[in-house]
Amino acid sequence: MLELKNVSISYRAGTKPAVSGVSLSIAAGERVGIVGESGSGKSTLTSAVLRSLPSGTRVDGTITYRGQDIGAMKATQFRELRSDQIARIPQDPLASLNPVIRVGDQLRHVIQAHRKLSKAACIPLIEAGLAEVGIPEPSLKRRAFPHELSGGMRQRVLIAMSLINEPDLLIADEPTTALDVTVQAQILDLLQRELDQRGMSLLLITHDIGVVAEVCSRIIVMRNGEIVEDGQTVDLMANPQHPYTQQLFAAASMHDANTSGKTGAAR
Ligand SMILES: Nc1ncnc2c1ncn2[C@@H]1O[C@H](COP(=O)(O)OP(=O)(O)OP(=O)(O)O)[C@@H](O)[C@H]1O
Ligand SMILES: [Mg+2]
């Protein structure tokens, strides 16, 4: 479904590339997690897929979605693909919602970017979308402004937004880091339930190895802009090959021992 071939990305000419020579593919329905230390190039990679890198950034190699070269698409064609098939859950719910537009209207704009529907025709879809992600009283809450919702609710609204046009591929870059651990666990459960129901593919970026182990069938480990390991979760957990992966797992199990019962990994 999504395929990257030998992708290298440099923000500035003459500096060390943020991503070098990355190749990976994600099959339909597959759930892939990318882990790796801060600055290893995880977000840069997803921004390349979503064509949201700053102008002047150099991208080498090819990124294809269902055989179509994303880099070569016309802007209108890519916009269609984005509203129709590839959705993103952003990291920071407050920064990602428009503070002066009611959440229901923001959901409506996402629907209308994709389908020609009247305002009135969108209302039942919006309310169903909010109910689906566990927001109580959706007919009331759709009229709320983002600041009138809790952090967890705002993240639920963003998940509702990302799902409302029924994408085939969901890209989530640290979708729960802005939330406290209890809400994190609820949001992960919600995400997993939606994935199970819809069978979409997932590319999940996180520094939390426990989260990927729980949600993803495959783990990709990045370090210094390169993939150091890529394998099925069960194999990787049982028998990590690269010393860096072994380190990551060792650190994660120590963390679990210290916070048992509180993280996604330990639930
Ligand atoms: N807009 C930018 N301009 C210049 N350099 C950037 C930009 N964004 C990221 N970088 C650099 O690219 C490298 C990779 O950053 P990236 O944000 O992809 O890391 P990451 O793996 O997502 O880290 P984190 O886990 O902290 O989110 C870093 O060295 C970073 O400084
Ligand atoms: Mg990042």
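1. Conventions. Residues are numbered from 1 along each chain as its sequence is written, chains are lettered from A and ligands numbered from 1 in the order in which they are written, and side-chain values use heavy atoms, with hydrogens and water left out. In this predicted model local features need pLDDT of at least 70 and side-chain atom pairs count only at pLDDT 80 or more, whereas totals for chains, interfaces and linings use all residues.

2. The open sheet. Four strands, in the order β2-β1-β4-β5, form an open sheet with antiparallel pairing; strands (E, at least two residues) and helices (H or I, at least four residues) are DSSP runs numbered from the N terminus, and two strands pair if DSSP finds at least two bridges between them. The edges are β2 (19-26) and β5 (68-69), each of which pairs on one side only. Between β1 (residues 2-10) and β2 there are five bridges in the antiparallel sense, and Ile9 has Val19 of β2 as its bridge partner.

3. The helix across that sheet. Helix α1 (residues 42-49) lies across β1, β2 and β4 (58-65), and runs at about 115° to β1. The axes behind this angle are lines fitted to C-alpha atoms, for helices over the stretch in contact (heavy atoms within 4.5 Å), and angles run from 0 to 180 degrees between N-to-C directions.

4. Ligand 1. The residues around ligand 1 (a heavy atom within 4 Å) include Tyr11, Arg12, Glu37, Lys42, Thr44 and Pro54. Polar contacts here are pairs of N or O atoms within 3.5 Å: a nitrogen atom of ligand 1 is 3.3 Å from an N or O atom in the side chain of Tyr11, while an oxygen atom of ligand 1 is 2.5 Å from an N or O atom in the side chain of Ser38. For Ser43, a polar side-chain atom lies 2.9 Å from an oxygen atom of the ligand. Of the 640 Å² of accessible area that ligand 1 has on its own, the protein covers 59% (Shrake-Rupley method, 1.4 Å probe).

5. Five of the five residues of β7 (169-173) are buried (under 20% relative accessible area, 1.4 Å probe, protein chains only), so β7 is largely enclosed by the rest of the structure. Leu169, Ile171 and Asp173 point one way from this strand, and Leu170 and Ala172 point the other way. In a regular strand the side chains alternate between the two faces of the sheet. β6 and β7 pair in the parallel sense over four bridges, with Arg88 opposite Ile171; β7 is also joined by five bridges to β8 (residues 201-205), again running parallel, and there Asp173 has Ile205 as its bridge partner.

6. Helix α2. Phe78, Leu81 and Ser83 are buried in helix α2 (residues 75-84). The cover over the buried residues of α2 includes α1, β4 and β6 (86-89).

7. Glu194, in helix α8, is buried, with a relative accessible area of 1%; leaving aside neighbours within four places in sequence, Glu194 is in contact with Glu132, Leu163 and Met200. Ala178 is found in the loop between β7 and α8 (181-198), and touches Gln91 and Pro93 when residues up to four places away in sequence are not counted. Ala178 and Gly151 are 27 residues apart in sequence and 8.1 Å apart in space, C-alpha to C-alpha.

Terms used
Buried means under 20% relative accessible area, exposed over 50%, partly exposed in between (1.4 Å probe, protein chains only). A polar contact is a pair of N or O atoms within 3.5 Å; within protein, one must be able to donate a hydrogen and the other to accept it, and residues adjacent in sequence count only if both atoms are side-chain atoms.
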